[in-house]
Amino acid sequence: MAASSVHLALLLCLMIMIPATVASPRRLRESPAGASRPTTFFEVDRPLRPPPGSSGPCSTLLLSGSFGSTLAKPPATAAYSPPRCLAAAGGRASAISLAVLEWRAACRGAQLDRIFGVWLGGAELLRGSTAAPPLDGIVWSVSKDVTKYASLVAAGRSTLAVYLGNLVNSTLTGVYRANVTLHLYLRRAPAPRPPPAVAPADLVLPMSRALPPNSGGGLWHQIRSAADVQSTSVALPSNTYRAVLELYISSHGDDESWYTNQPGYRNGPFREVTVRVDGVLAGAAWPFPVIYPGGIYPLLWRPVAPIGSFNLPTYDVELTPLLDGKAHEFGFAVTNAQDVWYVGANLHLWLDPGSTATTAGLVSYVAPPANATSSQSGDPVDTHHHATASRLFSAAGWVRSSYGNITTNATQTFGLEYTLTFETLDRTTVAGAGVSATDHAGGVVYAVQTRRNFPLGWLYEQGRLTVTHGLDETTVSAGRWWTGPRSRSLRTTQSSVVEDEEGGGKSWGVRQAYSYEATDGCYFRNVTSSGYGIVSDHSSEVCAAKGTSSGRGAVGAAPGAEKAGLVRN
Ligand SMILES: *[C@@H]1O[C@H](CO)[C@@H](O)[C@H](O)[C@H]1NC(C)=O
Ligand SMILES: *[C@@H]1O[C@H](CO)[C@@H](O)[C@H](O)[C@H]1NC(C)=O
Ligand SMILES: *[C@@H]1O[C@H](CO)[C@@H](O)[C@H](O)[C@H]1NC(C)=O
Ligand SMILES: *[C@@H]1O[C@H](CO)[C@@H](O)[C@H](O)[C@H]1NC(C)=O
Ligand SMILES: *[C@@H]1O[C@H](CO)[C@@H](O)[C@H](O)[C@H]1NC(C)=O
Ligand SMILES: *[C@@H]1O[C@H](CO)[C@@H](O)[C@H](O)[C@H]1NC(C)=O
């Protein structure tokens, strides 16, 4: 654990004296060596359902790997060719109605949480952290919707690569074993001519380091300081009419827990990943504060992993207004970065089937500098540290293709609020993104508005630490090309408690509420755990009737409410 906050380091010093791997002494004594069963760890997420009229799944084991002393070594690789069931269905990307990448892993022996990535043809498909396994072993799995990479899945032969940087010695004996499986669902009837621009991209260009990398490690760019800009040059096909850059982001080493940093200490609590095209700022991502399963205090995340830790969120930056059909250099940087950030990027491109070249022009572009502030209040003994930051990007441009002359206006807005006191941390990031594409007559071709909210807080009092964090995401879509759900809303809150017990032990528990509501389906789940055991787990896929309670969790609603989540074992 990095002592990212002077205050928290002081507060937790008592707790840290018990190493995480032996923090459940009673449990370990109960199970004779070798006879214990591994614990299943999990991140709360919704099941992936294929659209009606799909067949499948047809499942292919892509890679089976064992990751012992792999740190800074080249990734494990396997030759990839499109599954036979896809060839039998005509082989086209548009035959895929849902593609799911499943990561299933196990580890026996103590080990730290480690970062891993999965790449197909150099394009990143999944990034996750492993769990922080206790001695008696764990298993966990992640299923990710990778339909947006359908063009890569259907393309010819390529290479699947997995990097998981692990280190084994006489204390950390855990070797991770992992299987990567692709599950394809195919359309029974031929796809209706896919609506342009909103179907999966026709081409996904990786902007990673080349495979095999000379120095080993993942295919991500490594950004080691605020001044470090990592660049890749790509030539876009001349008939491109839409471009979206997808970012994968994770922070490690000195910046593993940047989100808690007191202002003025270790570059403070504000980070943004910026994207430059030929040196000009084109957009940004303000990262979700991913807590790794060994983060803050490892017992907090057993067995329910922190939000986004097993399957890290990705971030899209709409680049269509900046298209001009020329080769460009894409640069990536992290404001206030300390050593080290792993930034990967895929460029999703939509190509005009009716022409060999599009023409394009920029109409307007606004990107004032980010406004970051910090201040203090309170007395010298109980100082309150505040920080804020905000940022706006807006660009509009037109692209003339066989679909007509379409003007795209893309806007990003960001805000951060942060307060740290002796006992509490309270921070939230709000990220808004809007894309509006209109035709020459002003009709809306497609429009997507997304708002993400990342709250994170803790409260430490009387030997009891409560960490509450959440992810809210709302997307509203419209326009005549749009065929997907008109609205989607995800709201999940996880509240984890660890507490000193009389006699020196620890007890811990997690409550998580997950609520997903979309015009094409819903999913609700409430989970409560105590120690390694699940106390209650309720889920439902029935959408609540309009106007009734949406199933928003009571978790974190009142400080007293968390008490119920901590059942002593
Ligand atoms: C990976 O797949 C192999 C073959 O099916 C199986 O024996 C092994 O247990 C799997 N490993 C994990 C971690 O699921
Ligand atoms: C094993 O590796 C960890 C992490 O690098 C280190 O802290 C520990 O001292 C090592 N143990 C031994 C016995 O070398
Ligand atoms: C920067 O943000 C602070 C805090 O929200 C605000 O008071 C100030 O007016 C902003 N400055 C600019 C130039 O927008
Ligand atoms: C496309 O539309 C924009 C905005 O209406 C206009 O400025 C531009 O000249 C048009 N381009 C072409 C090739 O017609
Ligand atoms: C683009 O959208 C933003 C936000 O809605 C708006 O302020 C701006 O005027 C629009 N630009 C153009 C050129 O339409
Ligand atoms: C989850 O908990 C909330 C609040 O207690 C409740 O309204 C909701 O019905 C629960 N959902 C499920 C699926 O159990």
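## Cross-links, salt bridges and ligand sites

Glutamate 541 is partly exposed, with 40% relative accessible area. The model that holds this residue is predicted. Arginine 49 itself counts as exposed, at 52% relative accessibility. The cut-off for exposed is over 50%.

What does this bridge connect? Glutamate 541 sits in the segment after strand 29, while arginine 49 sits in the loop between strand 1 (39-40) and strand 2, so the contact ties together parts that are 492 residues apart in sequence. Side chains of opposite charge can pair when their charged atoms come close.

How many salt bridges does a search of the whole structure find? The count is 14. Two others are worth a look. Arginine 271 meets aspartate 255 through their side chains, at 2.9 Å from N to O. Both residues lie in the loop between strand 13 (240-251) and strand 14 (272-277), so this pair ties together parts that are 16 residues apart in sequence. Are these two residues buried or exposed? Arginine 271 and aspartate 255 are both buried.

Arginine 104 and glutamate 102 form another salt bridge, with 3.0 Å between their closest N and O atoms. Here the partners fall into separate classes. Arginine 104 is partly exposed, at 47% relative accessibility. Glutamate 102 is buried, at 13%. The cut-off for buried is under 20%.

Now turn to the covalent links. A disulfide is a covalent bond between the sulfur atoms of two cysteines. A search of the whole structure finds 2 of them. Which cysteines pair up? Cysteine 58 is joined to cysteine 85, with 1.8 Å from S to S. Cysteine 58 belongs to strand 2 (residues 54-67) and cysteine 85 to helix 3 (residues 84-88), so the bond ties together parts that are 27 residues apart in sequence. Cysteine 58 counts as buried, with a relative accessibility of 18%.

The other disulfide runs from cysteine 522 to cysteine 543, and its S to S distance is 1.9 Å. Cysteine 522 lies in strand 28 (residues 521-530), and cysteine 543 in the segment after strand 29 (533-540), so this link ties together parts that are 21 residues apart in sequence. The angle about the S-S bond is 105 degrees, and the link of cysteine 522 and cysteine 543 is right-handed. Cysteine 522 is buried, at 8% relative accessibility. Cysteine 543 is partly exposed, at 38%.

Counting bonded cysteines along the chain, the pattern of the disulfides is 1-2, 3-4. Cysteine 107 is buried too, with a relative accessible area of 3%.

The ligands come last. Which residues are around ligand 6? They are Phe524, Asn526 and His538. Taken alone, ligand 6 exposes 360 Å², and the protein buries 57% of that.

Ligand 3 has Asn371, Thr373 and Thr388 around it. One contact can be named here: a polar side-chain atom of asparagine 371 lies 2.4 Å from an oxygen atom of ligand 3. On its own, ligand 3 has 360 Å² of accessible area, and the protein covers 25% of it.

Technical notes:
Residues are numbered from 1 along each chain as its sequence is written. Chains are lettered from A and ligands numbered from 1 in the order in which they are written. This is a predicted model: local features need pLDDT of at least 70, side-chain atom pairs count only at pLDDT 80 or more; totals for chains, interfaces and linings use all residues. Side-chain values use heavy atoms; hydrogens and water are left out. A disulfide is a pair of cysteine sulfur atoms within 2.5 Å. Helices (H or I, at least four residues) and strands (E, at least two) are DSSP runs, numbered from the N terminus. Buried means under 20% relative accessible area, exposed over 50%, partly exposed in between (1.4 Å probe, protein chains only). A residue is near a molecule or strand if one of its heavy atoms lies within 4 Å of it. Accessible areas come from the Shrake-Rupley method with a 1.4 Å probe; for residues, only the protein chains shown count as cover. A polar contact is a pair of N or O atoms within 3.5 Å; within protein, one must be able to donate a hydrogen and the other to accept it, and residues adjacent in sequence count only if both atoms are side-chain atoms. A salt bridge is a side-chain nitrogen of Lys or Arg within 4 Å of a carboxyl oxygen of Asp or Glu.
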